[in-house]
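Would you like a walk through some helices and sheets?

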Amino acid sequence: MKYFIVLTVFALVALSGCSSGGNQNSEEDRFIEDLLSKMTLDEKIGQLNQHTSRWEMTGPAPKADNTQELFENIKAGKVGSMLNVIGAEATREAQKLAVENSRLGIPMIFGYDVIHGQKTMFPIPLAEAAAWDPELAKLSASIAAKEASAQGLHWTFGPMVDVGRDARWGRVMEGAGEDPYLASIISVARINGFQGDNLDDVATIAACAKHFAGYGFSEAGRDYNAVDLSRESLYNLVLPTFKASTEAGVATFMNAFNTIDGEPCTASDALMRDLLKGEWGFDGFVVSDWNSIGEMMEHGAAADLKESALRAIQGGCDMDMEALAYITHLQELVEEGKVDEKLIDDAVRRILRIKYRLGLFDDPYKYSDVEREKNSIYTEEHREASRKVARESIVLLKNDEAVLPISDKVKSIAVIGPLADDKDSPLGNWRAQAVANTAVSLLEGVEASVAPSVKVNYAKGCDLSIGKRTFPDFMTFNETDRSGFKAAVKAAKKSDLVLLAIGEDCFQSGEGRSQTDIGLRGLQKELFDAVYAVNKNIVVVLMNGRPLAIPDVAVKAQAIVEAWHGGTEAGHAIADVLFGRYNPSGKLPMTFPRNVGQVPIYYNYKSTGRPTAEQPGQALWSCYTDSPNTPLYPFGYGLSYTNFHYSDFKLDKSSMSVNDELMCSVTISNNGSVDGKEVVQLYIQDLAAKYARPVKELKGFEKIELAVGESKELHFSLTQKELGYYMPNGQYVVEPGKFKVFVGGNSVETQELEFEINPHYSSH
Ligand code: BGC
């Protein structure tokens, strides 16, 4: 309710969500208040100003392009933070300008997009979510933090906690998939990994939950597009990951480029002041996205940069990334009485608080340690961890006639495809300081795994793209050059088995990489068909940053291994799975569609008044006339080399009160022939609520390891926390009535039981 009210009274200058003068109780508060009291308005505004370095750009080129001018501004205390300054030496030099020249010597905070590793690359975040293992997500983030902090960085713009349901949106690669429950758990693990137990620890960095909010719902999957989101979806799908991040103690938030209800998120006092800083009690700071304050003019939501600055500071955006709006206009806005200086004090306080917690006031140079930088980056140990995470991220989508793991009888293997010997794409987009072409390719992984007697026949087949493929250019797909087909066909013909590495170049996904065609681009499908014509024994190794529509390949291939962009050690990790050194256990964090026309497609859809046709081919039901409703591969799906059997699914009661706890138990047995891991998933459905609820909602999961013949009984608890939902007015309710509980190894193949929340029931 509050949200609506706040939106309609936008013009009021909100002071809610402002921390007061600090409670003066802690040493931290005393320090901050003391410093704040010494600062001029100019210096305060300087703290809110963030600049990129001139060495690396992650957005359109900055307007203040003069390096000398930037240096002078730092010395004058007009730059509170920089992004894209990397390296112990570079950060030390830049920090020196602030600390040794500005009047108060306030250190800058250095931020960078450390998304899935700093130099040792881990699988892209979407892939990592497929491991359904918060401990692994924490591990990779902690290693990324270790390496990033050794390069002088204090702060990552991650994790991206946006739930994404639209595979056309290139940034799904940066998130944890389509489900708010899984994404919350993975996001919290990432935050804990980045931040550790103590921000002051030199091997940890501050995290940033982004993009607040709704960015994952950009219309038609087109990046930066407007968002048209119901309140019900906002509360139940979008906000939970952000709330969980706040509860996990995330240090910072980034707001979003998009509008919701036509209002730029960068100006949303309802989101930033009332909800985040007010209701949720967040005490860190909010940074804008790159020039998102300036972009308010493009949105048509501010007449000029001055009005943009006014709206952003009123909305609760504390730091201005690259718009120069605050540094240019806040002073005059205060002088004109349009901005209360208290708003600026609040923003400064929040920024100083995080700097304080990072220990920057004790030693502003402590992260900029050249020795540590030399010794703690890209180590053997980090690469080994990356390989472990990568193999757990792999999802086995198909394995007809148990063609995998590759048997000893296979004496020759053709390794084919544009991605087969690609040492770059596995590094993924948002690759921070990874060195180009340094990943282990599939070919290298296979060659390192096969017995000397096994012949490996490599042929690229075709290039995926032509010309430049890096930021910020679009890729041009190769649609014409088939000159490599002949060698590929030859290699396939003379081999027992084909490993065909196809999918996406890593720069097809990521920021600004939306696509209307999410199939196999360029000549890859033709290459598949050419190979298939001579050898049907094809294992497709998919490398991609989003769910792909591959209906034909899904029918024809013998096996499909979803390897994503797996990071530095990708080739070894894939080989671990192909040769059975690791039994695949990944499960899809996002639904794979049959065709792009089904998108957005997701497992937690709502039923309709006309859910399914009584007979196939009937109209007047909620169906397509030219495609099934069902996906190619559902959320939560992934095969193993062994079989897991689910039995004894039980609920400890069939009726309970709203305050009770329901215990669900199930026994899982490994009745196959190899040891393995299974992700046991628990879903619910509220069968008759005031506001229609999804047909399934994930509410619990556990990844377990079972030896051959072993069984394990698992217990899941369901309480108000899992059984309720947010109504469109933002109120959380648990409604009496019937519920279903489902358990299974994916979101479709489940067993189900029913229970009831009875308003008159008393267990006593
Ligand atoms: C992206 C953010 C990123 C920022 C800084 C923006 O374009 O949307 O996610 O953190 O750039 O690189």
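**Before you start**

This is a predicted model: local features need pLDDT of at least 70, side-chain atom pairs count only at pLDDT 80 or more, and totals for chains, interfaces and linings use all residues. Residues are numbered from 1 along each chain as its sequence is written, and side-chain values use heavy atoms, with hydrogens and water left out.

Helices (H or I, at least four residues) and strands (E, at least two) are DSSP runs, numbered from the N terminus.

**Stop 1: two helices**

Select residues 134-150, helix H7, and residues 180-195, helix H8. Two packed helices are described by the angle between their axes and the distance between the axes. Here the angle is about 35° and the axes are 7 Å apart. Axes are lines fitted to C-alpha atoms, for helices over the stretch in contact, and angles run from 0 to 180 degrees between N-to-C directions. The crossing of H7 and H8 is right-handed: the near helix is turned clockwise from the far one by less than a right angle.

Now show side chains. Contact means heavy atoms within 4.5 Å. H7 contributes Pro134, Ala137 and Lys138, among others. From H8, the contact residues include Ile185, Ile186 and Phe194.

**Stop 2: an open sheet**

Move to strands E5, E6 and E9, an open sheet in that order with parallel pairing. Two strands pair if DSSP finds at least two bridges between them. Which strands sit at the edges? They are E5 (208-212) and E9 (285-287), and each pairs on one side only. The twist averages 25° from one strand to the next.

Zoom in on E5 and E6 (residues 252-255), which share three bridges. Cys208 stands opposite Thr252 in E6.

**Stop 3: a covered strand**

Select residues 737-744, strand E27. Is E27 mostly covered or mostly open? Seven of its eight residues are buried, meaning under 20% relative accessible area with a 1.4 Å probe, protein chains only.

E22 (residues 676-686) runs antiparallel to E27, joined by six bridges. E28 (residues 750-757) is also antiparallel to E27, with eight bridges.

Note on methods. Buried means under 20% relative accessible area, exposed over 50%, partly exposed in between (1.4 Å probe, protein chains only).
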